[in-house]
Amino acid sequence: DTIILTANQTWSGSFTITQRLGSSGYLTITSTLAANLPPSGVRITPSHTENMPKLLMNSATSVLLFPAGATPAQFIKLVGIEITSTSTVNGGLSTSADLVRIGIGTITLLSQFPSNIEFERCWIHGNYSGEIR
């Protein structure tokens with residue numbers, strides 16, 4: 001399964017990616033212009049952002065959430081996505097906010113932790129004002 005996001009478009013908020021019951025293989029989330037990115041295994045730079053959709057954190061809640069529990073998120077691949085925050089997120093606070101959160105909820109067994117989550121040729125970064133992880 002593949003979700004294709006439009007390059008150079010911004011999605012703001014918090015997005016939860018859960019387990020896909022009955023699916024086999026990876027769920028890939030990618031860009032309409034992924035073919036314009038360097039090949040797999042080659043590091044991207046900020047100059048490649050015109051070919052990437054942007055997931056924007058605009059509050060203290062993570063932009064991407066991968067829940068844990070009885071049905072944890074599994075087999076998710078993000079390719080060519082920019083993940084960042086607005087300049088006002090967590091500005092001046094002494095505690096950190098997470099851009100991406102893997103494993104939300106109570107975990108008592110290893111099998112409840114999200115697994116096989118890949119970030120390939122993504123640009124994940126904070127900003128100059130605020131504590132961002």
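Guide: Buried means under 20% relative accessible area, and exposed means over 50%; partly exposed lies in between. Keep those cut-offs in mind. This is a predicted model.

Visitor: Why is Phe66 called buried?

Guide: Its relative accessible area is 0%. The cut-off for buried is under 20%. So Phe66 counts as buried.

Visitor: What makes Phe66 and Phe119 an aromatic pair, and why is it called edge-to-face?

Guide: Ring centres must lie within 6.5 Å, and planes over 60 degrees apart count as edge-to-face. Phe66 and Phe119 are 6.5 Å apart, centre to centre, with 90° between the planes. Therefore both terms apply to Phe66 and Phe119.

Visitor: What parts does this pair tie together?

Guide: Phe66 lies in strand E6 (residues 64-67), and Phe119 lies in strand E10. These parts are 53 residues apart in sequence, so the pair ties them together.

Visitor: Is Phe119 buried, exposed or partly exposed?

Guide: Its relative accessibility is 31%.

Visitor: How many aromatic pairs does the structure hold?

Guide: Two. Tyr26 and Phe75 also form an edge-to-face pair, at 5.4 Å centre to centre and 85° between the planes. Tyr26 sits in the loop between strand E3 (15-16) and strand E4 (27-31), while Phe75 is in strand E7, 49 residues apart.

Visitor: How do you know that Tyr26 is partly exposed?

Guide: Its relative accessible area is 25%. That falls between the 20% and 50% cut-offs. So Tyr26 is partly exposed. Phe75, at 33% relative accessibility, also counts as partly exposed.

Visitor: What makes Lys77 lie over the face of Tyr26?

Guide: Lys77 is at 5.4 Å from the ring centre. The distance cut-off is within 6 Å, and the charge must also be within 35 degrees of the ring normal. Lys77 is listed as lying over the face of Tyr26.

Visitor: Why is Arg121 called buried?

Guide: Its relative accessible area is 16%. Buried means under 20%. So Arg121 is buried.

Visitor: How many helices and strands does the protein chain have?

Guide: Zero helices and 11 strands. Buried residues make up 40% of the 133 residues in the protein chain.

How values were computed: Residues are numbered from 1 along each chain as its sequence is written. This is a predicted model: local features need pLDDT of at least 70, side-chain atom pairs count only at pLDDT 80 or more; totals for chains, interfaces and linings use all residues. Side-chain values use heavy atoms; hydrogens and water are left out. Buried means under 20% relative accessible area, exposed over 50%, partly exposed in between (1.4 Å probe, protein chains only). Helices (H or I, at least four residues) and strands (E, at least two) are DSSP runs, numbered from the N terminus. Rings of Phe, Tyr and Trp (its six-membered ring) pair if their centres lie within 6.5 Å; planes under 30 degrees apart count as stacked, over 60 as edge-to-face and the rest as tilted.
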